[in-house]
Amino acid sequence: MSPSLHPSHVFLCFLISFAFFVDPSSQHLDDVRKKQMREKVREMFYHAYDNYMTYAFPHDELKPLTKTFTDSLSELGNLKLEHLPTDYNGSAVTLIESLSSLAIMGNKTEFEKGVLWLSENLTFDIDARVNLFECNIRVLGGLISAHLLAIDPTNRLIQGSYNNQLLHLAEDLGKRFLPAFETPTGLPYAWINFKNGVMENETTQTSTSGCGSLILEMGALSRLTGDPRFESAALRALRQLWRMRSSLDLLGTTLDVVTGEWLEYSSSIGAGVDSFYEYLLKAYILFGKEDYWQMFRSAYLASQKYFRHGPWYHEANMWSGKPTYWQLTSLQAFWPGLQVLVGDVSAANSSHREFFHVWEKFGVLPERYLLDHQMIHPTEKYYPLRPELAESTFYLYQATKDPWYLDVGETMVKSLNLYTKVAGGFASVRDVTTMQLEDHQHSFFLAETCKYLYLLFDDSFVAKRNYIFTTEGHPLQVMSSWHEKLPENYFSGNWTFSKSGAWESGASALSMQVCPSIAPNSRRPEQHRESVCHVPDKKMDHRCWGNKECGVDATSCRQRSCSGVGFCGLWNPL
Ligand code: DMJ
């Protein structure tokens, strides 16, 4: 068994304290509900998957309204039609993205069929210009993760023989990425042509996440193939990016890969930067290098200092730290999930609640919401079936086992079915104020949105093994052989120390003492830890006859009471 710092282990710290309050009858109700919800999510996944396979495969993504396909994905930004050979049939991106979800849902037949098809048909020897970041997280990540799942004997996903075909494809793809890194700075071009490398007059502009979120996939590829070039290229780029930070430990959003100059100074945890933070922490978990932790620690502390405003995160100028834009973006909703991984559950909970309020207000999460005007952005009103809120809900439920997160998941499943399900799959929402739809089912709906909702209601997959999930939701197993050195310490203050060398079979973050302290923070007594105090109401619908049937509020830790009309709530004045 490999040692790990897997999320579900970090979560154990919280489960232990919460377990004392769980009433067996409500536990049973939760279990029944979880099974029902899991089946609803499974249906959603197959509705999206089957329609893709029927109407779009082997092209990249499904257009669910017209039941056609697209290879010129606006998000993937790749495979512009004018660059495609006439016999081009797509790279089956949605199939690649679905493999790990199929594995998690236990569909061995479809997983094996997909692997075989890709082994025999997928080729990258095409004259196509692709976005490096998108291709890395979707295609390279999808292939590597599926390869790891295929060779894991506990899953028994492949009945016949498997000869590392997915790894060979991944290696071929990785080699095609390498020319992008041949710049004076080592920062990769955002676009690369599979066949011809970097094209003439290619744009030199890229984003922080574009060159700072490659290390998981490329690092894993190096570990699996023994070819160090992939990891070295990604690491060199990451180090260069980190050198370019301001004295406040902030990074801008866009930059020039040739001159190494920042083009956009506004800094945030959202679009253009998001997965840069995510990959620092996850690279540390996967590869155990102290470097990653040091970078993450500084970057995380700076984000809390300069972006955080109560539960919200605004943008700030990387040089001055002064706020720039007061906006909530849908992509930011991954942040609470990341905070759970570092053990900052209380902060995660309060931000997550705000994101969910916005979801409830509109029915889904709009792309951009103006915090200073409390209104939706006039042009970015869309919801392209993004996964981030589901992702954070899954992490928070793992951390707390608070059934409230199951309610959140249920609400999301209902909204997705109500507003976005059509006969031909699931369609993106063009305008959340009218719920007008758009003819696009992004592959991340299968790779992430459905996966995280499924895992929320059935986490048996993560209970078996220690995984981290890439930014595209593809699981990578945490293995001791990939670790170089264990960390000696974490955040000072409310973080405890790990005992080096304490890895053992089934070792967890709890047994290694790397969890944040669960005792109330004596220096900041006003900060309550959500769910350490939480006692659910007796009835799931919160109805009551008397105060005894009401629990303790998860966020404020205040005793709830029964109102005159029979509902538990925070009715007593402070
Ligand atoms: C996904 O492709 C990845 O999660 C990426 O990091 C940014 N967001 C999209 C889905 O919203």
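Mentor: A residue is buried under 20% relative accessible area, exposed over 50%, and partly exposed in between, using a 1.4 Å probe and protein chains only. The model is predicted, so local features need pLDDT of at least 70 and side-chain atom pairs pLDDT 80 or more, while totals for chains, interfaces and linings use all residues. Residues are numbered from 1 along each chain as its sequence is written, and side-chain values use heavy atoms, without hydrogens and water.

Trainee: Why is R156 called exposed?

Mentor: Its relative accessible area is 59%, and the cut-off for exposed is over 50%, so R156 qualifies. R156 sits in the loop between α5 (132-151) and α6 (165-177); helices (H or I, at least four residues) and strands (E, at least two) are DSSP runs, numbered from the N terminus. R156 also has a positive phi of about 45° although it is not a glycine.

Trainee: What makes N201 count as exposed?

Mentor: N201 has 77% relative accessibility, so it counts as exposed. N201 lies in the loop between β4 (191-193) and β5 (205-207), and its phi, near 60°, is a positive value in a residue other than glycine.

Trainee: Why does K539 count as partly exposed?

Mentor: K539 has 34% relative accessibility, which falls between the cut-offs of 20% and 50%, so the term is partly exposed. The loop holding K539 runs between β20 (475-477) and β21 (561-562).

Trainee: What makes the K539 and E549 side chains a polar contact?

Mentor: Their distance is 3.4 Å. A polar contact is a pair of N or O atoms within 3.5 Å; within protein, one must be able to donate a hydrogen and the other to accept it, and residues adjacent in sequence count only if both atoms are side-chain atoms. The pair is therefore counted as a polar contact. K539 touches W545 as well as E549, leaving aside residues up to four places away in sequence; contact means heavy atoms within 4.5 Å.

Trainee: Which residues carry the "active site" annotation?

Mentor: The unreviewed UniProt entry gives E134, D274, E367 and E388. Positions follow the numbering used here, feature names are shortened, and annotations may be inferred rather than shown by experiment.

Trainee: Why are D274 and E367 called buried?

Mentor: D274 is at 13% and E367 at 7% relative accessibility; the cut-off is under 20%, so D274 is buried and E367 is buried. D274 belongs to helix α10 (residues 274-287) and touches S209, I269, L331 and F334, not counting residues up to four places away in sequence. E367 is in the loop between α13 (345-362) and β13 (368-370).

Trainee: Which residues surround the ligand?

Mentor: I137, L331, R386, P387, E388, F444, E448, T471 and E472; a residue is near if one of its heavy atoms lies within 4 Å. By class, this shell has four nonpolar, one polar and four charged residues: Ala, Val, Leu, Ile, Met, Phe, Trp, Tyr, Cys and Pro count as nonpolar, Asp, Glu, Lys and Arg as charged, and the others, Gly among them, as polar.

Trainee: How far is an oxygen atom of the ligand from an N or O atom in the side chain of R386?

Mentor: The distance is 2.7 Å. For the side chain of T471 the corresponding value is 2.6 Å, and for that of E472 it is 2.5 Å. The protein covers 94% of the 290 Å² of accessible area that the ligand has on its own, by the Shrake-Rupley method with a 1.4 Å probe; for residues, only the protein chains shown count as cover.
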